Amino acid sequence: MTTSQTDRVAAARLAWAALKLTRAGRHPVGVDRLAATVGVAPAEARRLVELIGFTLRHDLVSTGPAPRGAHHRLAPAEGTLGAGPDGSVDMFLLAIATGERVHAAATCPVTGTRIRIDLNPQAILQVDPPAAVVAAVDLGFGLDNVDAVACAGQPFFASAAAAASWLVAHPGGRIYQVAAYLAQAHRLVAALEARPRFVL
């Protein structure tokens with residue numbers, strides 16, 4: 001594993017821990033607590049925080065107003081977190097990290113079809129259109145049993161057919177049905193939390 005791969009794995013683990021400990025950016029977390037959770041020295045946690053682009057002020061780490069690509073808007077009646085206008089697949093990690101219901105709206109970049117998704121950590125509550133898929137790239141983390149990981153900018157498409165040109169342009173990319181990607185996000189989280197075996 002090269003240094004850059006090592007940094008990417010460590011940064012992914014730290015970013016996940018920060019997302020979870022800050023309750024998706026609502027409350028800053030102490031850098032020492034974050035370091036202990038991830039299993040790195042505080043100086044290494046500070047380096048990784050800078051690498052990721054999180055804010056470190058007075059030994060408190062803030063992930064910013066939202067995970068990349070998402071906006072924290074509480075829907076008045078339901079207390080639903082909302083994903084941003086790009087419908088980033090970070091919404092899957094947001095739901096798992098907070099335990100809350102998340103809503104995303106996106107537009108298929110090929111067909112122009114409006115896509116709406118509601119989920120909580122356990123289930124997909126709504127997918128419209130039902131054939132919508134998530135496009136995901138393998139970032140090379142080498143995590144056991146995890147083929148692809150969530151990151152901002154991975155689009156939703158109205159269907160697998162609409163995503164065909166994306167697959168050609170992204171060798172190694174995969175297309176998932178929305179429900180299957182929730183399971184994939186849970187596998188990613190399990191892998192991130194298992195290296196080393198710290199409970200977040």
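Helix α4 is largely enclosed by the rest of the structure, since 9 of its 9 residues are buried in this predicted model. The buried residues of α4 are Asp90, Met91, Phe92, Leu93, Leu94, Ala95, Ile96, Ala97 and Thr98, and the helix itself spans residues 90-98. Thr98, which belongs to this helix, has a relative accessibility of 6% and therefore counts as buried, the limit for that class being under 20%. From this position, the side chain of Thr98 reaches the backbone nitrogen of Glu100 at a distance of 3.2 Å. The residue that follows α4 is Gly99, and its phi is positive, near 75°.

The protein chain as a whole contains 6 helices and 11 strands. It comprises 200 residues, of which 46% count as buried, and it exposes about 9,400 Å², with carbon and sulfur atoms supplying 56% of that area. When contacts in the protein chain between residues at least 6 apart in sequence are considered, 57% of them join residues at least 24 apart.

One of the sheets is an open arrangement of 3 strands in the order β1-β3-β2, with antiparallel pairing. Its edges are formed by β1 (29-30) and β2 (55-57), and because each of these has a single partner strand, one side of each is left without a neighbour in the sheet. Strand β3 (residues 60-62) is joined to β2 by 3 bridges, and the two strands run antiparallel. Within this pairing, Arg57 stands opposite Leu60 in β3.

Helix α2 (residues 31-38) and helix α3 (residues 42-52) pack with axes that come within 8 Å and cross at roughly 100°. The two helices α2 and α3 are therefore described as roughly perpendicular to each other, a class that covers angles of 65 to 115 degrees. On the α2 side the contact involves Val31, Asp32, Leu34 and Ala35, which meet Pro42, Ala45, Arg46 and Val49 in α3.

Strand β6 (residues 102-107) pairs with strand β7 (residues 114-119) in the antiparallel sense over 6 bridges, and His103 stands opposite Asp118 in β7.

Strand β9 (residues 133-136) pairs with β10 over 2 bridges in the antiparallel sense, and the bridge partner of Val134 in β10 is Phe156.

The loop between β8 and β9 contains Ala131. With a relative accessibility of 39%, Ala131 counts as partly exposed, a class that lies between the limits of 20% and 50%. When residues up to four places away in sequence are not counted, Ala131 touches Ala158, Ser159, Ala160 and Gln177. Ala131 and Ala161 are 30 residues apart in sequence, while their C-alpha atoms are 9.7 Å apart in space.

Methods: Residues numbered from 1 in each chain as written. Predicted model: local features only at pLDDT ≥ 70, side-chain atom pairs only at ≥ 80, totals over all residues. Heavy atoms only, no water. Helix = DSSP H or I, 4+ residues; strand = E, 2+ residues; numbered from the N terminus. Buried < 20%, exposed > 50% of the residue type's maximum accessible area, 1.4 Å probe, protein only. Polar contact = N/O pair within 3.5 Å; in protein donor to acceptor, adjacent residues only side chain to side chain. Contact = heavy atoms within 4.5 Å. Areas by Shrake-Rupley, 256 points an atom, 1.4 Å probe, with all protein chains shown as cover. Pairing = 2+ DSSP bridges. Axes fitted to C-alpha atoms, helices over the stretch in contact; angles between N-to-C directions. Parallel < 35°, antiparallel > 145°, perpendicular 65-115°, else oblique.
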